[in-house]
Amino acid sequence: MIQTLIPVSNPKPRFMQKKQEFLNALDSVIERGMYILGDEVSSFEREFAEYLGVKHCVGVANGTDAIAVALKGLGVKPGDEVITVSHSAVATVAAIEMTGAIPVFADIEPDTRCIDPNKIEKLISPKTKVIIPVHIYGQPAKIKEIISVAHSRNIKVLEDCAQAHGAKVGDKKVGSFGDAAAFSFYPTKNLGAIGDGGAIVTNSSEVFENVLALRQYGWRHRYISDFPGVNSRLDEIQAAFLRIKLRELDKDNARRNEIAKKYSSAIKNLIRQQWLKAPVSIPDTIHVYHLYVIESKNRDELAKFLNSKGIGTALHYPLPIHLQPAYKGRFRGGDALHQTELLYKNILSIPMYPELSELDVERVTKTFKEWIKIKQ
Ligand SMILES: Cc1ncc(COP(=O)(O)O)c(C=O)c1O
């Protein structure tokens with residue numbers, strides 16, 4: 001029997017389930033006649049800020065711009081240094097370079113797979129202006145420790161929350177800890193649009209005023225640029241769709257956690273027989289499983305086996321940024337990324353999205369058990 005492929009992520013079912021609601025929202029946008037920075041964007045900005053527990057939100061065109069505009073809003077200038085990780089989407093580093101600043105790489109922790117707070121201090125130089133922790137896969141970084149290192153040196157923290165909408169440390173959501181935070185609404189994200197979208201959030205009225213102007217040519221008053229900016233606006237249609245999806249974000253994240261629990265208990269039972277690691281549960285944090293990423297010494301063989309059984313896999317990411325042709329050898333820190341270089345060879349993302357059926361989840365866990373049996 002040919003089995004249908006279970007993809008790693010799939011934004012389509014939600015848009016299909018709620019197609020009429022999205023079409024009604026689109027109709028309202030068309031009828032209202034205000035197509036750029038209208039009611040939908042300002043309502044979404046207010047609702048998303050409220051959801052996160054922050055004072056301000058500014059919608060922008062995508063998550064990469066969110067990082068670049070936020071960095072400029074925090075005062076980063078060409079030649080400044082920004083410490084971040086190599087184990088991330090290339091967007092994090094591309095955004096730093098968009099500002100003329102220089103990325104510096106810190107290693108990650110094996111458990112959170114996020115920046116290691118203990119590896120930051122020795123990378124700080126007089127040029128360091130910002131640290132960007134990435135809450136990778138939906139797992140919060142050790143944000144309190146990172147902020148304590150940064151703020152004691154007068155360095156700002158910009159959280160890269162592109163994969164972590166709704167994740168928490170204690171009872172606070174990520175994005176509410178740093179001096180600012182950047183979100184992506186790429187369609188497969190936990191909160192995804194039907195195209196590109198992004199946002200910057202902050203509790204600082206100064207950063208808010210800066211990014212508000214920067215996203216639109218540096219305008220504080222229409223058509224008058226106080227400083228050079230860009231055109232990076234969230235559009236009305238995306239904002240209207242995001243408002244609908246935001247109402248279901250907590251429910252979606254709970255479902256992702258339910259699926260993760262089933263995967264983890266199936267995998268945990270197998271660790272003894274075969275080197276296989278489920279994501280580690282970190283105390284006092286809520287993981288939102290943007291991706292469910294296992295580690296295996298036999299990663300490629302396992303991926304082949306899963307694919308042959310109709311289970312999709314992906315690599316997030318196949319090569320750390322500091323080893324990619326565009327960036328190799330260019331930045332400080334890239335020669336001491338021991339954990340980063342250990343991790344990337346073993347990671348494998350398996351299907352994770354809220355609409356996965358119980359049957360699909362069972363197919364995944366059963367296939368893992370089969371694989372172990374064969375390997376024994
Ligand atoms: C960690 C991280 N940062 C930044 C981005 C950039 O977001 P976008 O694709 O919306 O530009 C992404 C998304 O791919 C991401 O995963």
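The model I am reading is a predicted one.

Next I listed the buried residues of α10, which spans residues 299-308. They are Arg-299, Leu-302, Ala-303, Phe-305 and Leu-306. Looking down the axis of α10, I find these buried residues within an arc of 165°, so they line one face of the helix.

I then looked up what covers that face. The cover of the buried residues of α10 includes the strands β12 (276-277), β14 (292-296) and β15 (347-350), and also α12 (358-375). After α10 comes Gly-310, and its phi is positive, near 80°.

Of the covering elements I took β14 for a second look. Five of its five residues are buried. Tyr-292, Ile-294 and Ser-296 lie on one side of β14, Val-293 and Glu-295 on the other, and both faces are covered. In a regular strand, side chains alternate between the two faces of the sheet.

With β12 the sense is antiparallel, over two bridges, and Leu-276 has Ser-296 of β14 as its bridge partner. With β15 the sense is again antiparallel, here over four bridges. The bridge partner of Ile-294 in β15 is Leu-348.

I moved on to an open sheet of seven strands. I read its order as β1-β9-β8-β5-β4-β2-β3, and its pairing is mixed. The edges are β1 (56-60) and β3 (102-106); each has a single partner strand, so one side of each is left without a neighbour in the sheet. On average, neighbouring strands of this sheet are turned by 25° against each other, direction ignored.

β1 pairs with β9 (residues 198-202) in the antiparallel sense, over five bridges. Within this pair, Cys-57 stands opposite Val-201 in β9.

Last, I noted two helices on this sheet. Helix α3 (residues 39-52) lies across β1, β8 (180-184) and β9, and runs at about 130° to β1. Helix α6 (residues 143-151) packs on the sheet and touches β4 (128-131) and β5 (156-160). The direction of α6 makes about 150° with that of β5.

How values were computed:
Residues numbered from 1 in each chain as written. Predicted model: local features only at pLDDT ≥ 70, side-chain atom pairs only at ≥ 80, totals over all residues. Heavy atoms only, no water. Buried < 20%, exposed > 50% of the residue type's maximum accessible area, 1.4 Å probe, protein only. Arc of directions from axis to C-beta. Contact = heavy atoms within 4.5 Å. Pairing = 2+ DSSP bridges. Axes fitted to C-alpha atoms, helices over the stretch in contact; angles between N-to-C directions.
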